[in-house]
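Here is a short tour for a first look. Keep the sequence and the model side by side.

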Amino acid sequence: MNVLFDTSLFLPAIPYPDWLRRKMGEIQGVCMSSVEERLLFVHALAEQNVSEHTGSPFGAAVFHGRTHELVGVGVNQVIQANQSFAHAEMMALANAHDRLQVAELTDYELVSSCEPCVMCTGGFLWSKVRTLIYGEPGTTARSIGFDEGDKPANWEALLRQRGLQVLGPFPSEQGKRPFSLYKASQGKIY
């Protein structure tokens, strides 16, 4: 048998934390009608990721744009998976793509606990998600040392010129809490 390439070199799947896999089973198909409810949900994901010591203080989810049915979730797994792209938004988008078996998420929205970094902003754009909703401004992440990359100052306007909707920031005490917990636990900053 001829082997053209070593399949052990393929990128392994990034496992979700056990607590999130259990939660995914409980919340599959749940609808969250208000923006506030969806933001509270992703802030709770971020906080649990920190309190369970399974990642850094970011959570995200993908919802259907009209029904607001939850179709994908993600928490930051960069350190745990040793993968620089395993940000919460990228994990939520990948989960939604996989679950729905589609390459474009045109009828969906991405809800993030924090303003997306430069990579996740690109993920939002290329996934074809129509709406981005985010809680904390990027300054919250930067205030404890995270590097969010260099986006143009008018990044939101540039996305809107492409016909995309951007809603945020919606800062809150619940949104700041995961960052405070992560800093207090001396979580690794990257």
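Two strands pair if DSSP finds at least two bridges between them. The model shown here is predicted.

Strand 1 covers residues 59-64. This strand and strand 2 pair in the antiparallel sense, over five bridges. Glycine 59 stands opposite valine 75 in strand 2.

**Two helices side by side**

Helix 4 spans residues 88-100 and helix 5 spans residues 118-127. Their axes come within 9 Å and cross at roughly 25°. Angles under 35 degrees count as roughly parallel, so helix 4 is roughly parallel to helix 5. The crossing is left-handed.

Which residues meet here? Helix 4 brings Glu89, Met90, Leu93 and His97. Helix 5 brings Met119, Cys120, Gly123, Phe124 and Ser127.

Just after helix 5, lysine 128 takes a positive phi of about 75°.

Helix 2 runs over residues 35-51 and holds valine 50. Arginine 38 lies in helix 2 as well. Are they buried or exposed? Valine 50 counts as buried, at 5% relative accessibility. Arginine 38 is buried too, with a relative accessible area of 3%.

Now take their contacts, leaving aside neighbours within four places in sequence. Valine 50 is in contact with Gly55, Ser56, Pro57, Pro178, Leu181 and Tyr182. For arginine 38, the contacts are Met32, Ser33, Phe63, His68, Glu109, Val111 and Ile133.

Valine 50 and aspartate 98 are 48 residues apart along the chain, and their C-alpha atoms are separated by 25 Å. Arginine 38 and glycine 138 are 100 residues apart along the chain, with 19 Å between their C-alpha atoms.

**Cysteines**

A disulfide is a covalent bond between the sulfur atoms of two cysteines. How many disulfides are counted in this model? The count comes to zero. Take cysteine 117. The closest cysteine sulfur to its own is in cysteine 120, 3.7 Å away. A disulfide needs a pair of cysteine sulfur atoms within 2.5 Å, so these two are too far apart for a bond. Cysteine 117 counts as buried, at 6% relative accessibility. Cysteine 31 is partly exposed, with a relative accessible area of 45%.

**Accessibility at a glance**

The table gathers residues discussed above.

| Residue | Relative accessible area | Class |
|---|---|---|
| Arginine 38 | 3% | buried |
| Valine 50 | 5% | buried |
| Cysteine 117 | 6% | buried |
| Cysteine 31 | 45% | partly exposed |

Technical notes:
Residues numbered from 1 in each chain as written. Predicted model: local features only at pLDDT ≥ 70, side-chain atom pairs only at ≥ 80, totals over all residues. Heavy atoms only, no water. Helix = DSSP H or I, 4+ residues; strand = E, 2+ residues; numbered from the N terminus. Buried < 20%, exposed > 50% of the residue type's maximum accessible area, 1.4 Å probe, protein only. Axes fitted to C-alpha atoms, helices over the stretch in contact; angles between N-to-C directions. Parallel < 35°, antiparallel > 145°, perpendicular 65-115°, else oblique. Left-handed = near helix turned anticlockwise from the far one by under 90°. Contact = heavy atoms within 4.5 Å.
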